[in-house]
Amino acid sequence: QAGSTQSALAEAQPNLSSLRARSVAMAGFIRMAAPLVLLSLGGLAAASGPAVSGRELTKLSLGELQAMSPETRSSLLRALRNDGALLLTEIPGFDEAAAAALTAAADCMSLETKAASPLRSELPGRTQRWTLAARTRAGAPEPLAEAVSHACPEFARSSEALRGAVGSLVAAFAKSADTVTLPAAAPRGSLEELVRRGTLLEHFHRYVPAPAGGALVEEAPSMSKHTDAGMIQALTVRWHRAPASGEPSSASLAAGLEIELPGGEAVSGEHRGAVAADGSVGGSGLLFMVGQGSEEWLPHLGLRAAPHSVSLHGANGFERLVFGAMVLPPDDWAVAAGGATFGEWWRLAQRAVVSETTAPAQETPFDGCLSTTTLRRRLMDTAGACAAGEMFCWMACRAIPADMSCDTAHAMCMSNTTGQVCPESMTAHDMTCQPMCPAANGHVLEASGAGAAAGVDVNGVYKAEIEVDGKTMFLKAMAHTADPRPLIQWSTPNNRWEFLDKQAGTVLFTNEATSETPPKDGWQAVTDGVAAPTVSVVEIVPTQPA
């Protein structure tokens, strides 16, 4: 085994004759390094990057995978359950393979390369993103689109090596995560099983900041803080000098991916060094982040989904190149009680995120990994589009049973498993959610007697949604999405209850009571001369699920 390790390391040196041979040797080393236990020893020193806290991301070495001790198990467990992210480094041949594939991807996605037809999108700050997608199912990589392979043969060759290497590393990571997190009598499956049977949704991205008058537009992050909807995401990043950008230095490269830790601290998720002769910025390793699916669908593992954001402000003449692979469960995997499958969830998520006017170029029409923030926002925006006799429940319009024992206007989307409310913004994961009468009072309120405030009619039925600062928010049941949609929620900064126009974010009425639920009387209009509402609890007859 030591000889194999030395051979793999030797083959990983520069000026190799075959990139594919280098990747295969590296993957073979990974398979021989059993048991695959990722160590958490020390921190990631980012020479330059976002303005983040002094804390460093957990750093893992492939050469340390064979060392198994109580200390390293404890360190890995903390990284997975506390931070939700870690970096794997010192992988023989990997950095060279990543640099070659990402450089070829950037060339393939250049504006002059029309035949490859990368997906193009504009992000906040006028950042342009080009994307080429691929997929690996149950360990078998599917070929790139024929047009891409024909137009970009070098990218086709180098991407095959990188995809194979990342697939092996993701499998290693999943096995190691199971080693330290999987209970002896686990009620559900393991990460290793999902990687082995599931899908790797793979994307090559090229991010190009948009200069304005020689300076980068100062706006919101190119990708705001979010978690990814999959199980695990693996990313490798390189920065290249943009054409005609002069001689930028890595000292000016204050941009990139930030990961939010518990408590709000942010750490850099990228490791880079000096600018090389070819204009690239040296990177290192493979970043792993836990997705929302692992946190919610595999709760027995106790993993934390990692909120993260990407900013290109301060990129100063650089382009950001990324290869990302997101692990999705197999289509037939049951994600919740009731037998519903991940395939069903994924199709509903696609339908919610991709508009009817979008013509998907392939079966999976996302041009990047699915953000749970985007999905929640789209669900909230489309929740009022259901026809008469339907209500929005678990990412789709569902018929309200006519034989319900309560008024159908008071029906709630509730879990048939837990009896809890399923919010309209719910992106996961309890497919037993269905229209039913609440089993107790307090889930449905009715506002009456209010005048129109800022053109918004707040009178009507409100249904419980999510908790905000420990108190339930209530959202008005609407018949048309074009109408302003008010809500009632507790404001901790203002220490009061408020009626808000959801779309505009405007406060309409306030109440200084500090009760656990919205008070009945005592509301005050923000605008003088507008009659204030009365808020009453709707009495519901307890019933069994419809």
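Colleague: In which order do the strands of the open sheet of 8 strands run?

Modeller: In this predicted model, the order of that open sheet is S28-S27-S26-S25-S24-S23-S22-S29, and the pairing is antiparallel.

Colleague: And which strands stand at the edges?

Modeller: Those are strand S28 (524-525) and strand S29 (534-537); each has a single partner strand, so one side of each is left without a neighbour in the sheet.

Colleague: How many bridges hold S22 and S23 as a pair?

Modeller: Strand S22 (residues 444-448) and strand S23 (residues 460-468) pair over 4 bridges in the antiparallel sense, and within that stretch Ala-447 stands opposite Gly-460 of S23.

Colleague: What about Asp-501, buried or exposed?

Modeller: Asp-501, which lies in strand S26, has a relative accessibility of 9% and therefore counts as buried, the cut-off being under 20%.

Colleague: Which residues does Asp-501 touch?

Modeller: Leaving aside residues up to four places away in sequence, Asp-501 touches Val-456, Pro-484, Arg-485, Pro-486, Thr-506 and Leu-508.

Colleague: Switching to rings, how many aromatic pairs turn up in the whole structure?

Modeller: A search of the whole structure gives 9 aromatic pairs. One of them is the stacked pair of Phe-173 and Phe-288, with 4.3 Å centre to centre and 5° between the planes.

Colleague: Where do Phe-173 and Phe-288 lie?

Modeller: Phe-173 belongs to helix H6 (residues 153-181) and Phe-288 to strand S15 (residues 286-290), so the pair ties together parts that are 115 residues apart in sequence. Phe-173 is buried, and Phe-288 is buried as well.

Colleague: And Phe-499 with Phe-509, what kind of aromatic pair is that?

Modeller: The pair of Phe-499 and Phe-509 is edge-to-face, at 5.8 Å centre to centre and with 80° between the planes. Phe-499 sits in strand S26 (residues 496-501) and Phe-509 in strand S27 (residues 506-511), 10 residues apart. Phe-499 is buried with a relative accessible area of 0%, and for Phe-509, likewise buried, the value is 0%.

Colleague: Which residues do ring pairs link into a cluster?

Modeller: Ring pairs link Phe-499 and Phe-509 with Tyr-462 and Trp-523 into a cluster.

Colleague: Which rings have a charged end over them?

Modeller: Trp-130 has the charged end of Arg-206 over its ring, 4.9 Å from the centre, while over the ring of Trp-490 sits the charged end of Lys-471, 3.8 Å from the centre.

Colleague: On to cysteines: how many disulfides does the structure hold?

Modeller: The structure holds 2 disulfides. One of them joins Cys-108 to Cys-152, with an S to S distance of 2.0 Å, and this link is right-handed, with 80° about the S-S bond. Cys-108 is in helix H4 and Cys-152 in the loop between helix H5 (146-151) and H6, 44 residues apart, and both cysteines are buried.

Colleague: Why is the disulfide of Cys-406 and Cys-437 left-handed?

Modeller: Its torsion about the S-S bond is about -95°, so the disulfide of Cys-406 and Cys-437 is left-handed; the sulfur atoms are 2.0 Å apart. Cys-406 is buried with a relative accessible area of 9%, and Cys-437 counts as buried at 3% relative accessibility.

Colleague: Back to helix H4, what should its 15 residues span?

Modeller: At 1.5 Å a residue, helix H4 (residues 94-108) should span 21 Å, which agrees with its end C-alpha atoms being 21 Å apart. Among the buried residues of H4 are Phe-94, Leu-102 and Cys-108.

Terms used: Residues numbered from 1 in each chain as written. Predicted model: local features only at pLDDT ≥ 70, side-chain atom pairs only at ≥ 80, totals over all residues. Heavy atoms only, no water. Phe/Tyr/Trp six-rings, centres within 6.5 Å; stacked < 30°, edge-to-face > 60°. Helix = DSSP H or I, 4+ residues; strand = E, 2+ residues; numbered from the N terminus. Buried < 20%, exposed > 50% of the residue type's maximum accessible area, 1.4 Å probe, protein only. Lys NZ or Arg CZ within 6 Å of the ring centre and 35° of its normal. Pairing = 2+ DSSP bridges. Expected span 1.5 Å × (residues − 1). Contact = heavy atoms within 4.5 Å. Disulfide = S-S within 2.5 Å.
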